[in-house]
Every structure is written in C-alpha cells, then in structure tokens.
Amino acid sequence: MPVEQLPTTALATPAPPAAKLARAGGPKRHLGRSMARSWQLYLLLLPPAVYTVIFLYWPLYGLQIAFRNYSVALGINGSPWVGTANVRQFVNSYEFWTVVKNTLILNAYQLIALFPLPIVLALLLNTVRSRRYSRTVQMITYAPHFISTVVVVGMIIMLFSPDGGIINQAIGGLGGHQQDFLSDSWFRHTYVWSGAWQTLGFSAIIYIAALSGVDPELHEAARVDGANMVRRIWHIDLPGILPVMVTVLILNMGSMLSTGFEKVLLMQNPLNLSVSEVIDTYSYRVAFVAQLPQYSYAAAIGLFQSVMGLCLLVFANWLARRATRESLF
C-alpha cells in the first residue's frame with residue numbers, strides 16, 4: 001500500500017527564534033512591545049533611575065577636582081592639573097595619622113559595642129509571648145532614631161554638662177566626683193553609647209524581619225526534644241539570621257573610615273579635639289572653615305577615604321566568605 005505523502009507544510013521545520021524576531025520587526029520592536037505591556041513597572045523605575053544619575057553618577061564628574069589645583073574663577077576644566085599631589089600632601093601631612101587613628105578607633109569601638117546589641121534585642125523580642133509588650137518595647141526603642149542629630153547633641157550637652165547637667169548633679173548628690181563627659185577622656189564613650197540609645201531599636205528591625213522567616217516547626221521539634229530557650233536561640237535563630245548578620249557586618253566594615261559627620265562636629269570642642277578630629281571633620285575644616293579654602297585638598301581627602309573604604313569592604317567580604325561561607329558578593 002503506498003505511503004501517503006505528507007503536505008509540504010507538515011515537513012517544514014519550526015522557524016528559529018531569530019527568524020521569528022525578524023518577521024516581528026526585530027529585537028528592538030520586540031523590546032518596545034514588552035516595555036509597552038509593562039509600562040507601569042518602568043514608570044516606577046524612572047524616579048530612582050533619575051535620582052541615581054543626577055545625585056550619584058553626575059557628581060563623579062567633579063571628582064577630577066582632587067587631581068587639579070581648583071580655582072573658582074577658572075572652573076573645573078580651567079584649573080591646572082596636578083595629578084596625585086593633593087593625595088600625597090594629605091598622606092605626608094603631620095595630621096594624617098592623628099585623624100586616621102581617631103577615625104579607626106571611634107569606628108572600631110562603635111562596631112564592637114553596637115553590632116551585637118540589635119541582634120540581642122531582636123532575639124529577646126522574638127521570644128516574648130505578649131504581642132502588646134513586644135510592640136511597646138519596639139515603639140520605645142524605635143523612637144530615638146527619628147530625633148534630629150542636633151536635638152540629640154543638645155540633649156547630651158544638657159544632661160552631661162559639668163555646670164548644671166542632670167547627670168553630674170546626680171553624681172555630686174551621691175558624693176561622687178563630677179565629670180566632663182565631652183572631654184578627651186570621655187568623648188568616645190559618650191559618642192558611642194549615646195549612639196546606642198539612638199539607633200538600637202531601628203537597627204534591630206532587619207533582624208526581627210529575618211527572624212520572622214525562621215520556620216516555627218523547627219522550634220516545635222526542638223521543644224519536643226527538650227531543648228530550652230537558649231539552645232533554640234543558639235541552634236535555630238542565630239543560624240537563621242547568619243546571612244543577614246554577615247551582610248550587615250560587611251557593610252559596617254566598609255564604612256570604617258566614615259563616621260557620623262554631623263554628630264562628631266557638633267560634639268567637638270577645644271578640649272576633645274585631639275580625639276574627635278576625624279577624616280570627615282578634617283576635610284570639612286580644610287574646605288570651608290580654613291582662612292584659605294583648599295577645595296582640591298578636601299576632595300583628595302574624600303577620595304582617599306572612599307578608596308580605603310572600598311578596600312576594607314572587599315577585605316571584609318573575602319574574610320566572611322572564608323570564615324562563614326557567606327558573603328555580600
């Protein structure tokens with residue numbers, strides 16, 4: 001019996017994707033149709049994209065000030081090119097090691113003291129059974145974050161002032177010796193622990209959110225096996241939030257050379273300048289407070305700070321990958 005011949009169209013092979021795109025008008029037309037179908041998403045993407053271009057990428061054009069002897073009259077392009085002279089001037093200056101040391105000590109103290117506290121607060125709030133009590137504690141600890149830095153420093157000065165401060169009055173009333181908590185010996189402690197009060201609750205939000213993703217059945221199984229609360233926290237909660245902890249630690253390591261500029265500047269006085277002069281405040285004084293402003297020198301200081309921060313970020317990421325197998329990139 002003869003085999004019926006199939007139609008020619010049935011034997012034709014399917015057209016490749018490139019041919020389909022060509023018949024549809026090419027990849028550009030296909031992309032245009034896709035964007036037209038999802039125009040709402042692209043509209044939401046537009047504001048952050050414009051913000052990024054204007055405020056993050058366009059200012060990079062002015063970074064060349066660090067390599068020029070900038071003059072306001074000549075402008076950026078008209079100012080003479082000096083290469084890395086401004087960076088070498090900062091590295092060789094007599095204040096280089098002082099401001100770098102103060103910055104590193106202040107940030108290391110802040111990292112060691114403040115990094116574990118939000119984790120502890122989040123773990124404690126996660127174990128509280130009363131929702132009302134938990135929300136009350138969260139509201140009380142979140143509130144200081146929304147207080148302006150200027151107001152916070154004003155409160156610190158009023159509370160810890162050696163002349164009429166409430167804390168010093170209480171110390172004197174108890175028979176103790178009153179202290180100047182903004183002096184060179186107390187400045188770092190006052191700065192760090194006032195920062196703990198201000199940022200503790202808000203910093204714990206990310207860990208509370210991470211703990212909400214831990215499977216409750218793991219706690220139920222551990223409770224059936226007889227594990228107490230401490231062991232459940234150690235073996236279930238902490239491993240569950242470990243990736244978040246590593247990410248936050250890496251980001252904090254990347255900002256080791258950057259402090260809270262406004263708070264440090266407002267808390268500075270002639271008595272504590274030897275320990276409170278950090279890179280941020282030093283570059284500010286060079287650019288805007290000095291009798292002869294040096295904009296190029298200040299820009300070079302900021303560039304040095306950013307490059308060193310990037311190096312610390314990469315090193316912290318490598319160290320975290322080697323130690324915990326968790327990393328940011």
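**Close-up views of a predicted model**

**View 1. What A320 touches.** Set aside the neighbours within four places in sequence, and A320 is in contact with V246, I250, R325 and E326 (contact here means heavy atoms within 4.5 Å). This is a predicted model, where local features need pLDDT of at least 70, side-chain atom pairs count only at pLDDT 80 or more, and totals for chains, interfaces and linings use all residues. Residues are numbered from 1 along each chain as its sequence is written, and side-chain values use heavy atoms, with hydrogens and water left out. A320 sits in helix α19 (helices are DSSP runs of H or I, at least four residues, numbered from the N terminus). With 12% relative accessibility, A320 counts as buried (under 20% relative accessible area is buried, over 50% exposed, in between partly exposed, with a 1.4 Å probe and protein chains only).

**View 2. The buried side of α6.** Helix α6 runs over residues 85-92, and its buried residues are N86, V87 and F90. Look down the axis of α6 and these buried residues fall within an arc of 100°, so they line one face of the helix (the arc is taken from the directions from the helix axis to the C-beta atoms). Who does the covering? The list includes α7 (96-114), α18 (279-289) and α19 (295-324).

**View 3. α6 against α19.** Here α6 and α19 pack at an angle of about 75°, and their axes are 8 Å apart (axes are lines fitted to C-alpha atoms over the stretch in contact, with angles from 0 to 180 degrees between N-to-C directions). That makes α6 roughly perpendicular to α19 (65 to 115 degrees is roughly perpendicular, under 35 roughly parallel, over 145 roughly antiparallel, the rest oblique). On the α6 side you'll find N86, V87, Q89, F90 and V91, which meet S296, Y297, A300, I301 and F304 of α19. Sorted by class, the contact of α6 with α19 has seven nonpolar, three polar and no charged residues (Ala, Val, Leu, Ile, Met, Phe, Trp, Tyr, Cys and Pro count as nonpolar, Asp, Glu, Lys and Arg as charged, the others, Gly among them, as polar).

**View 4. α7 meets α8.** The pair α7 and α8 pack at an angle of about 15°, with axes 5 Å apart. That makes α7 roughly parallel to α8. From α7 come L111, I112, A113 and L114, while α8 brings P116, L117 and P118 to the contact. By class, the contact of α7 with α8 has seven nonpolar, no polar and no charged residues.

**View 5. α8 on α15.** Now α8 (residues 116-127) turns up with helix α15 (residues 229-254), packing at an angle of about 125° with the axes 11 Å apart. That makes α8 oblique to α15. The α8 residues in the contact are I119, L123, N126 and T127, and those of α15 are M229, I233, D237, L238, I241 and M245. In class terms, the contact of α8 with α15 has seven nonpolar, two polar and one charged residues.

**View 6. A204 in its loop.** A204 belongs to the loop between α12 (187-203) and α13. Is A204 buried or exposed? A204 is buried, with a relative accessible area of 0%. Not counting residues up to four places away in sequence, A204 touches P118, L121 and A122. The C-alpha atoms of A204 and F115 are separated by 9.9 Å, though the two are 89 residues apart along the chain.

**View 7. V214 and its contacts.** V214 lies in the loop between α13 (205-211) and α14 (216-224). V214 has 13% relative accessibility and counts as buried. Beyond its neighbours within four places in sequence, V214 is in contact with H219, I236, D237 and G240. As for F67, it is 147 residues from V214 in sequence and 51 Å away in space, C-alpha to C-alpha.

Methods
Helices (H or I, at least four residues) and strands (E, at least two) are DSSP runs, numbered from the N terminus.
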